[in-house]
Amino acid sequence: MDRSNQTSPVVGFILLGLSAHPKLVNTFFVLILLMYLVILLGNGVLILVTISDSHLHTPMYFFLGNLSFLDICYTTSSVPLILDSFLTPRKTIPFSACAVQMFLSFAMGATECVLLGMMAFDRYVAICKPLRYPEIMSKSAYVPMAAGSWAAGSSTAMVQTSLAMRLPFCGDNVINHFTCEILAVLKLACTDISINVISMTVANVIFLGIPVLFISFSYVFIIATILRIPSAEGRRKAFSTCSAHLTVVVVFYGTILFMYGKPKSKDPLGADKQDLSDKLISLFYGVVTPMLNPIIYSLRNKDVKAAVKNLIFRKHFAQ
């Protein structure tokens, strides 16, 4: 039923956050703040070493630098707002600010999906076609690949945000979330949202389904090639070049599948617990994955560890 004529239009939203669970606020404020600082430090160091160390001026580390910058942008688009919501129960956010936050969050998420697919292609060429790697993954190829990832993510975010913000919002303006999460916002529209649902479904197929299939097929060929290597040491070295990326992919998509694939409780008495669970899972998805990415690449990559040590060594003696 169209309720747009029954109430005045909404000019802002109220973010509930953890206002219904005040005992958790202080604990989660400290926890999320510490994780955010680790994200800024870890990804900032990765960006610095991939730029400053000439040994890391390769397509793989160029993509890794993009991934680190993306993780910083993604968390910065939401974590400060989340921390502020802990300090200010029932945080009010203007309509325009909500649209900007929604756009940035959606754009970064979609870009990461495409970027992980590009990184899988880079590993496929490196292992399956090593002799042609310099030719295929030249600078004139991998720079447009990264730029295309950002352009694709930003384009779909603009479409989804525009469609969402053009809807009439009236009456209830309370978002039961930490941020302007697009699905939570769509629930407040007082009109038919079928176009938005269709558009979101198409976007999910393009930016989630296709990259997953592309990555899966890439690793089928990668694993088949590795298994044909005669020596165990050769197989180990070949797999080590893509193990960090594969770990990041499993963490990233595994968390998404857990978030949206888990069954919903049908018990009305458990609705509040389920809402809290959904919000906390979404919260940790937004900070844990960006925090783990630099840790995974640092621990599983000798070149990155060596570059970080050299950076620390140079700074120490520079002082």
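This dialogue walks through how to read the main features of the structure above.

Reader: What kind of model is this, and how are residues numbered?

Author: This is a predicted model, with residues numbered from 1 along each chain as its sequence is written. Local features need pLDDT of at least 70, side-chain atom pairs count only at pLDDT 80 or more, totals for chains, interfaces and linings use all residues, and side-chain values use heavy atoms, with hydrogens and water left out.

Reader: How many helices and strands are there?

Author: Start with the definition. Helices (H or I, at least four residues) and strands (E, at least two) are DSSP runs, numbered from the N terminus. Here the protein has 11 helices and 3 strands. Along the sequence the pattern reads β-α-α-α-β-α-α-α-β-α-α-α-α-α.

Reader: Which residues does the "transmembrane region" annotation cover?

Author: Such positions are given in the numbering used here, feature names are shortened, and annotations may be inferred rather than shown by experiment. The unreviewed UniProt entry lists residues 28-49, 61-83, 103-121, 141-159, 205-227, 239-260 and 280-299. Take two of these. Residues 28-49 are 100% helix and 0% strand, with end C-alpha atoms 31 Å apart. Residues 103-121 are also 100% helix and 0% strand, and their end C-alpha atoms lie 27 Å apart.

Reader: What share of the protein is buried?

Author: Buried means under 20% relative accessible area, exposed means over 50%, and partly exposed lies in between (1.4 Å probe, protein chains only). Buried residues make up 45% of the 319 residues.

Reader: Why does Asp 192 count as exposed, and where does Asp 192 lie?

Author: Asp 192 counts as exposed because its relative accessible area is 58%. Asp 192 sits in the loop between helix H7 (182-186) and helix H8 (194-227). Leu 167 is 25 residues from Asp 192 in sequence, yet their C-alpha atoms are 8.8 Å apart.

Reader: How many salt bridges does a search of the whole structure find?

Author: The test is a side-chain nitrogen of Lys or Arg within 4 Å of a carboxyl oxygen of Asp or Glu. The search finds 3. Arg 123 and Asp 122 pair at 2.8 Å, N to O. Both of these residues, Arg 123 and Asp 122, are buried. Glu 135 pairs with Arg 132 at 3.8 Å between the closest N and O atoms. Glu 135 is exposed at 57%, while Arg 132 is partly exposed at 43%.

Reader: What separates Glu 233 and Arg 236 along helix H9?

Author: About one helical turn, because they are 3 residues apart in helix H9 (residues 232-261). Glu 233 is partly exposed at 42%. Arg 236 is partly exposed, at 42%.

Reader: Which residues make up the surface patches?

Author: Patches use residues with over 30% relative accessible area and no salt bridge; like charges are joined within 9 Å, nonpolar side chains (Val, Leu, Ile, Met, Phe, Trp, Tyr) within 5 Å. Areas come from the Shrake-Rupley method with a 1.4 Å probe; for residues, only the protein chains shown count as cover. Lys and Arg count as positive and Asp and Glu as negative; His and the chain ends are not counted. Each charge is placed at NZ of Lys, CZ of Arg, CG of Asp or CD of Glu.

The positive patch gathers Lys 237, Lys 302, Lys 305 and Lys 309. Helix H11 (residues 302-318) gives the largest share, 3 residues. Lys 309 is in helix H11 and is exposed at 61% relative accessibility.

The nonpolar patch, about 440 Å², is made by Ile 198, Val 202, Val 205, Ile 206 and Ile 210. Val 205 belongs to helix H8 and is partly exposed at 48%.
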